[in-house]
Amino acid sequence: MEIINAIGRRKSSVARVYLSEGTGKITINKKDLTEYFPSAILQYVVKQPLNLLECAEKYDIKVNLDGGGFTGQSQALRLAIARALVKVNAEDKKVLKDQGFLTRDSREVERKKPGRPKARRRFQFSKR
């Protein structure tokens, strides 16, 4: 099997995934998964598509992660892994889609407007 690549995005994070046959090692920016994401919750989020298809020990995954915070990065990585798994086996698409792993979450931070402290928040009104 050749190396399969896919991309995933969430907020301002971009995950580029390179999937190859192996022993289940996930390397993110030349660090191990547990070193890059110390939180067990974020590790669980990243491994969700692999655990769903029960193929966590079948593939080695090399990842380039860029931008955003740790939550956005983990969710971008989940999308990228799910897309790569669909490229490997197209029959898995329905299972992943039903769980919502192939849907790009398009929510972005709204820009700050002039004359306001935040995007929609207004300064406190003073009658006198």
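This is a predicted model: local features need pLDDT of at least 70, side-chain atom pairs count only at pLDDT 80 or more; totals for chains, interfaces and linings use all residues.
Residues are numbered from 1 along each chain as its sequence is written, and side-chain values use heavy atoms, with hydrogens and water left out.

Helices (H or I, at least four residues) and strands (E, at least two) are taken as DSSP runs, numbered from the N terminus. In this model, 5 strands form an open sheet in the order 1-2-5-3-4, and their pairing is mixed, where two strands are said to pair if DSSP finds at least two bridges between them. Strand 1 and strand 4 (31-32) are the edge strands, each of which pairs on one side only. Strands of a sheet pair through backbone hydrogen bonds, either parallel or antiparallel. Strand 1 and strand 2 run antiparallel and are joined by 7 bridges, with Arg10 standing opposite Ser13 in strand 2. These two strands form a hairpin with 2 residues between them, and Lys11 in the turn has a positive phi of about 55°.

In strand 1, the covered face carries Ile4, Ala6, Gly8 and Arg10, while the uncovered face carries Asn5, Ile7 and Arg9. Ile4, which is placed in strand 1, is buried, with a relative accessible area of 11%; the term buried means under 20% relative accessible area, exposed means over 50%, and partly exposed lies in between (1.4 Å probe, protein chains only). When neighbours within four places in sequence are left aside, Ile4 is in contact with Val17, Tyr18, Leu19, Ala84, Lys87 and Val88, contact being defined as heavy atoms within 4.5 Å. By comparison, the C-alpha atoms of Ile4 and Asp98, which are 94 residues apart along the chain, are separated by 23 Å.

Helix 3 lies across strand 1, strand 2, strand 3 and strand 5, and runs at about 145° to strand 1. Axes here are lines fitted to C-alpha atoms, for helices over the stretch in contact, and angles run from 0 to 180 degrees between N-to-C directions. The axes of helix 2 and helix 3 come within 8 Å and cross at roughly 10°. Helix 2 and helix 3 are therefore roughly parallel to each other, a description applied to angles under 35 degrees, whereas those over 145 count as roughly antiparallel, 65 to 115 as roughly perpendicular and the rest as oblique. The residues that make this contact include Val46 and Gln48 of helix 2, and Leu77 and Arg78 of helix 3. Gln48, which lies in helix 2, counts as buried at 16% relative accessibility, and beyond its neighbours within four places in sequence it is in contact with Arg78 and Phe101.

The largest nonpolar core has 30 residues, and those with the most contacts inside it are Leu77 and Leu85. Such a core is a set of buried Ala, Val, Leu, Ile, Met, Phe, Trp, Tyr and Cys residues joined through side-chain atoms within 4.5 Å. The elements that give two or more residues to this core are strand 1 (4-10), strand 2 (13-21), strand 3 (26-28), helix 2 (40-52), strand 5 (59-66) and helix 3 (70-88), and helix 3 gives the most, with 8 residues. Leaving aside neighbours within four places in sequence, Leu77 is in contact with Ala15, Val17, Ile28, Phe37, Val46 and Val63.

A search of the whole structure finds 6 salt bridges, a salt bridge being a side-chain nitrogen of Lys or Arg within 4 Å of a carboxyl oxygen of Asp or Glu. Arg10, Asp105 and Arg107 are linked in a network of salt bridges. Glu110 forms a salt bridge with Lys113, with the closest N and O atoms 2.8 Å apart, and another with Arg120, with the closest N and O atoms 3.0 Å apart. Glu110 is partly exposed, with a relative accessible area of 38%, whereas Arg120 is exposed at 62%.
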